[in-house]
Amino acid sequence: MQVFVALLRTCQPENKLLVKQALDILMPALPRRLPLGDSRMPIWIRYTKKILVEEGHSIPNLIHIFQLIVRHSDLFYSCRAQFVPQMVNSLSRLGLPCNTTTENRRLAIELAGLVVGWERQRQHEMKVMTDGDVPSQSNDGFNPGSAGTDSKRAVDGSTFPEDASKRVKVEPGLQSICVMSPGVASSIPNIETPGPGGQPDEEFKPNAAMEEMIINFLIRVSLLFHLWF
């Protein structure tokens with residue numbers, strides 16, 4: 001871990017190639033050597049975020065860490081919420097000044113593309129999960145022919161089955177009726193509450209302000225490109 005931190009803090013131009021090669025060799029082994037454990041996120045993610053915050057005022061350090069994230073984007077995907085806000089806020093700083101280098105401008109465009117790519121991946125995963133839940137719900141023993149009888153029985157005030165939580169999972173349409181009944185409201189689970197499993201940042205998505213900043217940056221870069229060439 002000390003070697004990883006030292007490499008993150010080393011961004012001198014004369015050592016740039018060696019440090020890049022060392023990090024590219026080390027990064028794939030970090031998830032296996034430094035597992036999640038009881039922490040909410042891996043320790044190497046926390047150190048990367050810490051160094052990015054502490055030394056983000058320096059353009060060379062900022063570029064050094066952002067290049068690492070771009071090269072190993074799959075490893076940072078599950079904890080992207082720790083980096084996307086600073087990535088978006090740094091786009092104009094890296095890519096729009098007239099005296100910026102071509103490498104820095106390319107990195108800024110790659111960062112914008114990475115944020116968009118991560119969001120597309122999240123949407124794809126959510127779509128896969130949603131499509132996978134549809135057949136499981138239809139095979140849980142739900143009988144369409146008895147839906148009218150059950151709903152009529154609920155409106156008439158008759159009692160629900162003993163396990164109300166199972167009834168809600170089988171027939172989501174009856175949830176609003178169950179909530180209105182004082183006798184079973186306390187036993188209905190909160191289906192909107194995310195489960196305890198998974199990374200805390202797995203559901204992260206850029207907000208409207210971030211999306212607007214990315215779009216404005218890409219438009220300005222395209223206009224500057226036409227002016228230069």
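Predicted model: local features only at pLDDT ≥ 70, side-chain atom pairs only at ≥ 80, totals over all residues.
Residues are numbered from 1 along each chain as its sequence is written, and side-chain values use heavy atoms, with hydrogens and water left out.

Let's begin with confidence. pLDDT is the predictor's confidence in each residue, on a scale from 0 to 100. Its mean over the protein is 74, and 66% of the residues reach 70 or more. Among the elements, helix 7 (residues 84-89) has the highest mean pLDDT, at 94, while helix 12 (residues 175-180) has the lowest, at 35. Over residues 149-200 the value stays under 50, and the model has 33 contacts beyond four places in sequence for that stretch. A contact here means heavy atoms within 4.5 Å.

The secondary structure comes to 13 helices and zero strands. These are DSSP runs numbered from the N terminus: helices are H or I with at least four residues, strands E with at least two. Of the contacts with a separation of 6 or more, 70% join residues 24 or more positions apart. The accessible surface is about 14300 Å², with 58% of it belonging to carbon and sulfur atoms; such areas come from the Shrake-Rupley method with a 1.4 Å probe, and for residues only the protein chains shown count as cover.

Of the 229 residues, 33% are buried. Buried means under 20% relative accessible area, exposed means over 50%, and partly exposed lies in between (1.4 Å probe, protein chains only). The structure holds zero disulfides, a disulfide being a pair of cysteine sulfur atoms within 2.5 Å.

Now to helix 5, whose buried residues include Asn-61, His-64, Phe-66 and Ile-69. Between helix 5 (59-71) and helix 6 (73-76) is a loop, and His-72 lies in it. His-72 counts as buried because its relative accessible area is 13%. Leaving aside neighbours within four places in sequence, His-72 is in contact with Leu-23, Asp-24, Met-27 and Pro-28. With one of these, Asp-24, the His-72 side chain makes a side-chain polar contact at 2.8 Å. A polar contact is a pair of N or O atoms within 3.5 Å; within protein, one must be able to donate a hydrogen and the other to accept it, and residues adjacent in sequence count only if both atoms are side-chain atoms.
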